[in-house]
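Let's take a walk through this model, starting with a charge and a ring and ending up in the pockets. Have the viewer open and follow along.

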Amino acid sequence: MDEAGHDDREQPASEAGAPARRTPSVQLEPFAAAYDGRRPFRSARKAPLSSRYLPLLSAIRGYSPGRLRTDTVAGITVAALALPSAMAYADIAGLPVTAGLYSLLLPLVVYAFLASTPWVVVGPEGTLALLVGAGLAPLAAAGSPEYAVLGSALAALVAGVYLAAFLIRLGWIADYFSQAVLVGYITGIAILLVLGQFGKLVGLSSDRDNAILAAGDIVSQLGEANAATVTLAVVSLGLLIGLRYLWPRFPAALVVVVLGIVVSWWLDLAGHGVSVAGPVPAGLPEFVVPKIGARDWVQLAGVAAGIFLVGFSDSILTARSFAAQRGETVDADQELLAFSAANAAAGITQGMPIGTSGSRTAVNLGAGATSQIVGLVGAFAILVVLLVLTEPIQYLPAASLGAIIVMAAVRLIDPDQWRALTRGDRAEVVIAAVTVLAVVNLGVLTALVVAVVLSLLDVVRRIARPNDAVLGWSTSEQRYADVSGADVAVTPGTVVYRFSDRLFFANVHFFKRRVWAAVDAAPAPTRHVVLDMAGVPGVDSSAATGLRELHDGLLARNVDMRLARATDPLEAALGRFGLIEMLGQDHLHSTVTAAVEAAAGTTAPSGSDPDQ
């Protein structure tokens with residue numbers, strides 16, 4: 001395997017004098033017999049249809065009482081964390097707190113059966129809640145019955161986007177929301193969440209639309225802050241911070257909710273100007289298909305697409321990061337189906353759009369969860385709350401919820417991710433910073449468009465300037481390697497250039513510039529150019545024209561051009577464009593060594609690898 005990660009072609013060298021290939025000294029079996037007619041990337045062991053689309057069925061085979069005890073404890077722990085968070089995120093979205101709680105019932109049950117991972121935890125999330133609020137605000141007044149119906153309709157529409165993506169196998173789309181953009185977007189969301197809760201923590205409000213201007217307006221009114229609200233907010237934040245550092249796994253948010261309810265009821269905080277949740281209907285949600293006008297459906301379509309992009313990208317990145325730690329994989333297409341069904345369940349049960357919770361997933365894994373039985377246990381715990389404990393929730397102070405949201409928002413900002421960006425390409429740090437500024441200043445929906453554009457530009461930037469290198473012979477590795485190595489030697493008069501990407505219209509001009517730069521920078525007058533094409537899977541018509549122009553330009557300067565290690569598909573493409581005829585078959589070589597020998601008329605370096 002070469003330094004670009006491509007295997008050398010195992011075929012006899014076509015030029016005279018090239019080193020002969022030897023048959024590997026291992027057992028060989030004809031491909032057709034070995035694979036029994038299958039394609040090389042299709043698994044020989046196909047799981048039953050039920051297990052593929054209902055992974056929980058295979059996950060609970062051989063389920064033991066010990067695993068049940070572990071999953072039960074994990075489920076109750078996760079539910080304790082999810083309860084206050086769901087109410088808080090529903091409040092952010094402008095929906096009744098029951099919308100958050102209802103989203104922890106049937107959606108969790110559905111996701112448990114369909115999820116490809118046994119430990120991911122889903123539910124209402126802060127990032128999606130802000131998107132929901134921004135999308136619904138122009139259509140109805142927050143807190144109104146129409147607004148709640150729109151929230152359910154949006155969840156159903158998000159389910160439709162997920163289903164469409166599943167049917168056309170768009171699981172790969174999560175790969176094109178770059179880490180830099182996602183880190184910047186979530187950081188910006190965290191800042192917005194903190195700024196948005198400032199008023200609740202001091203008992204004030206502002207009519208400014210911009211989050212920064214609204215926060216400034218509230219600061220100017222601090223003299224009118226409600227003393228009871230401020231005291232409660234400070235105590236709540238102190239408890240959240242203290243319990244988090246003293247007992248990280250303890251459900252601090254649940255403690256703040258319970259204490260807030262008790263203190264609010266005991267001291268009649270509502271009578272002292274403290275905002276509280278108000279009456280919460282008891283019982284379970286009804287199964288109702290949300291009915292809104294055609295115009296509203298159209299207006300919500302763009303919001304649903306944005307929620308899908310952000311929610312799915314964040315969910316897949318979160319799931320993959322935890323899966324990598326456990327040596328497991330995530331089926332992105334199956335996750336599309338699972339999230340489609342879960343959001344549909346939220347839509348018909350007066351819920352709200354849901355996504356993956358990274359913090360609760362981490363707690364779930366820490367508790368030793370072994371299957372999605374955790375989700376079923378969590379849903380049952382929320383069911384009990386809705387049946388018998390809704391009356392106390394009406395006393396929950398808004399300041400307590402605000403404190404919980406602030407702490408959750410702060411935890412969204414991951415310093416390790418920012419440090420990882422600084423250790424890589426500096427352009428990624430700039431992209432992340434621009435995304436943060438866009439979210440904070442333009443709003444979550446407009447910033448989402450900016451984020452998508454930045455992701456596309458980042459992809460284009462990488463494609464237009466792929467990895468390349470000038471190669472020389474490494475005496476220690478006995479192969480051709482980047483000349484930046486300490487023990488690499490070059491052949492006078494010969495430039496060996498490696499390009500590691502598909503050659504097409506977006507990068508062919510970069511390719512030509514780099515070849516000419518390598519020729520001009522060579523230590524001796526160049527007479528031969530060898531192009532190592534192992535990393536080039538194909539060419540388009542623009543690339544073919546560019547190769548022809550490069551060949552003609554080199555020929556005009558009396559420089560010979562040869563290709564090495566071109567794959568069979570690449571050779572076929574070169575042949576269709578007439579480039580093999582232009583070069584001559586004797587200018588195509590199976591190894592870099594063979595090409596350099598043919599060009600320079602020398603023997604291979606002592607001990608050289610015949611595949612190089």
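Start at Arg169, which lies over the face of Phe166, 4.6 Å from the ring centre. Keep in mind as you look that this is a predicted model.

Is Arg562 buried or exposed? Its relative accessible area is 10%, and the cut-off for buried is under 20%, so Arg562 counts as buried. What does its side chain touch? The side chains of Arg562 and Asp560 are joined by a polar contact of 2.8 Å.

Now for the aromatics. Searching the whole structure turns up nine aromatic pairs. One of them is formed by Phe504 and Phe505, with 5.0 Å from centre to centre and 85° between the planes. Planes over 60 degrees apart count as edge-to-face, so that is the label this pair gets. Elsewhere, Tyr111, Tyr162, Phe308, Phe312 and Phe339 come together as one aromatic cluster.

On to the empty space. Rolling a probe the size of a water molecule over the atoms shows where such space is left. The largest pocket has a volume of about 1,400 Å³. It is lined by 46 residues, and the closest to its centre are Gly358, Ser359, Arg360, Ala362 and Arg411. Sort the lining of the largest pocket by class and you get 24 nonpolar, 15 polar and seven charged residues.

The second largest pocket holds about 1,100 Å³ of space. Which residues lie nearest its centre? Out of a lining of 38 residues, they are Ile92, Leu130, Gly196, Arg208 and Asp209. Several elements each give two or more residues to this lining: helix 4 (65-92), helix 7 (126-136), helix 9 (179-202), helix 10 (211-220), helix 20 (426-442) and helix 21 (444-464). Helix 9 gives the most to the lining of the second largest pocket, with seven residues. By class, the lining of the second largest pocket splits into 22 nonpolar, eleven polar and five charged residues.

Methods: Residues are numbered from 1 along each chain as its sequence is written. This is a predicted model: local features need pLDDT of at least 70, side-chain atom pairs count only at pLDDT 80 or more; totals for chains, interfaces and linings use all residues. Side-chain values use heavy atoms; hydrogens and water are left out. On a 1 Å grid over the protein atoms alone, a cavity is a set of points where a 1.4 Å probe fits but cannot get out, and a pocket is an open set with protein on both sides within 12 Å along at least five of seven lines; lining residues have an atom within 4 Å of a point. Grid points are joined across faces, edges and corners, and a volume is the space filled by probe spheres set on the points. Ala, Val, Leu, Ile, Met, Phe, Trp, Tyr, Cys and Pro count as nonpolar, Asp, Glu, Lys and Arg as charged, and the others, Gly among them, as polar. Helices (H or I, at least four residues) and strands (E, at least two) are DSSP runs, numbered from the N terminus. Rings of Phe, Tyr and Trp (its six-membered ring) pair if their centres lie within 6.5 Å; planes under 30 degrees apart count as stacked, over 60 as edge-to-face and the rest as tilted. A charge sits over a ring if NZ of Lys or CZ of Arg is within 6 Å of the ring centre and within 35 degrees of the ring normal. Buried means under 20% relative accessible area, exposed over 50%, partly exposed in between (1.4 Å probe, protein chains only). A polar contact is a pair of N or O atoms within 3.5 Å; within protein, one must be able to donate a hydrogen and the other to accept it, and residues adjacent in sequence count only if both atoms are side-chain atoms.
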